[in-house]
Amino acid sequence: KQMKKEMDKKRLYIFAGKPGAGKSTIIKNIFPNKTCVDVLPFVEQFRVDGKVPEEKTETAYRNMYRHLKTAEDRLIILEIGTNHPELNISEIEKLQNIYTQTMFLCDASRDICYQRAMERGMRHHTEAWETRMKRDFPNTFTKLLKQTSIPWHVVNMEGSLAETIERFKKLMGSKS
């Protein structure tokens, strides 16, 4: 019965990381025809004068997780940043009865993130971007994830796109 229950679950891949780490690029390359649930549209609705008040980002995350509880797709790709690790991991844990999950902590140096973010037209206000770069990522996430049963991997995103795609495909093929 337990095996059947596991097979009935939907699949959730979570990609977390700093802006410019390469989350969107990797998702588009591995899942070209799949719609990704990105936290950004949930956050953008609270933008005022170019900024989103920090307390509103928590509301945005909660709205996104509420959406995931009712999403119908069998495979969901979720893209989040580095904000509110406690909230994110707690909400992801609550989804374990619906989804078989794997979390990828997409890591790259500040310089690589900055270069990539500039190449794609920096979506964040400079001050907000600097705040995100100062976060102790992926360490804050790994510390919390070790206390859960959520399977996770830290993935170095600094290699070539082809190498990074292969790395992800191997991780997704393996039992986490």
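Colleague: How many of the residues in β3 are buried?

Modeller: In this predicted model, 5 of the 6 residues in β3 are buried, so the strand is mostly covered. β3 spans residues 75-80.

Colleague: Pick one for me. Where is I77 found, and what is its relative accessibility?

Modeller: I77 is found in strand β3. Its relative accessibility is 0%, so I77 counts as buried.

Colleague: And which residues is I77 in contact with, leaving aside neighbours within four places in sequence?

Modeller: Those contacts are Y13, F15, I27, F31, K34, C36 and V37. Take C36 as an example: C36 and I77 are 41 residues apart in sequence, yet 4.9 Å apart in space, C-alpha to C-alpha. C36 stands opposite I77 in β3.

Colleague: Which strand does β3 join through 3 bridges?

Modeller: That's β2, and the two run parallel. Within that pairing, V37 has L78 as its bridge partner in β3.

Colleague: Over how many bridges do β1 and β3 pair?

Modeller: They pair over 6 bridges, in the parallel sense. One partner to look at in β3 is I80, which is bridged to A16.

Colleague: OK, zoom out. What order do the strands take in the sheet?

Modeller: The 5 strands go β2-β3-β1-β4-β5, in an open sheet with parallel pairing. β2 (36-38) and β5 (152-156) stand at the edges, each with a single partner strand, so one side of each has no neighbour in the sheet. From one strand to the next, the twist averages 25 degrees.

Colleague: Remind me, what do strands of a sheet pair through?

Modeller: Backbone hydrogen bonds, in either a parallel or an antiparallel arrangement.

Colleague: What about the rest of the chain? How many helices and strands does the secondary structure come to?

Modeller: It comes to 9 helices and 5 strands. Along the sequence the pattern reads α-β-α-β-α-α-β-α-β-α-α-α-β-α.

Colleague: Which strands does helix α4 lie across?

Modeller: α4 (residues 54-70) lies across β2, β3 and β4 (99-107). The helix runs at about 175 degrees to β3.

Colleague: Switching to the core. Which residues touch the most other members of the largest nonpolar core?

Modeller: M64, Y65, L68, L78, I80, M103 and F141 do, in a core of 29 residues. The elements giving two or more residues to this core are β1 (10-17), α3 (39-44), α4, β3, α5 (85-94), β4 and α8 (139-145). The largest share is 5 residues, from α4.

Colleague: F141 is on that list. What does F141 touch, not counting residues up to four places away in sequence?

Modeller: F141 touches A16, I80, G81, T82, N83, P85, I89, M103 and L105.

Colleague: Moving to aromatics, how many aromatic pairs does the count come to?

Modeller: The count comes to 6 aromatic pairs. Y13 and F31 form one that is tilted, at 5.8 Å centre to centre and 35 degrees between the planes. This pair links distant parts of the chain: Y13 is in strand β1, F31 is in the loop between α2 (23-30) and β2, and they are 18 residues apart.

Colleague: Are those two buried or exposed?

Modeller: Y13 has a relative accessible area of 9%, which means it is buried. F31 is at 11% relative accessibility, so F31 counts as buried too.

Colleague: What are the numbers for the pair of Y13 and F104?

Modeller: Y13 and F104 form a tilted pair, 5.9 Å centre to centre with 35 degrees between the planes. Here Y13 in β1 is linked to F104 in strand β4, 91 residues apart. F104 counts as buried, at 0% relative accessibility.

Colleague: Which residues do ring pairs link into a cluster?

Modeller: Y13, F15, F31, F104 and F168.

Technical notes: Residues are numbered from 1 along each chain as its sequence is written. This is a predicted model: local features need pLDDT of at least 70, side-chain atom pairs count only at pLDDT 80 or more; totals for chains, interfaces and linings use all residues. Side-chain values use heavy atoms; hydrogens and water are left out. Helices (H or I, at least four residues) and strands (E, at least two) are DSSP runs, numbered from the N terminus. Two strands pair if DSSP finds at least two bridges between them. Axes are lines fitted to C-alpha atoms, for helices over the stretch in contact, and angles run from 0 to 180 degrees between N-to-C directions. Contact means heavy atoms within 4.5 Å. A nonpolar core is a set of buried Ala, Val, Leu, Ile, Met, Phe, Trp, Tyr and Cys residues joined through side-chain atoms within 4.5 Å. Buried means under 20% relative accessible area, exposed over 50%, partly exposed in between (1.4 Å probe, protein chains only). Rings of Phe, Tyr and Trp (its six-membered ring) pair if their centres lie within 6.5 Å; planes under 30 degrees apart count as stacked, over 60 as edge-to-face and the rest as tilted.
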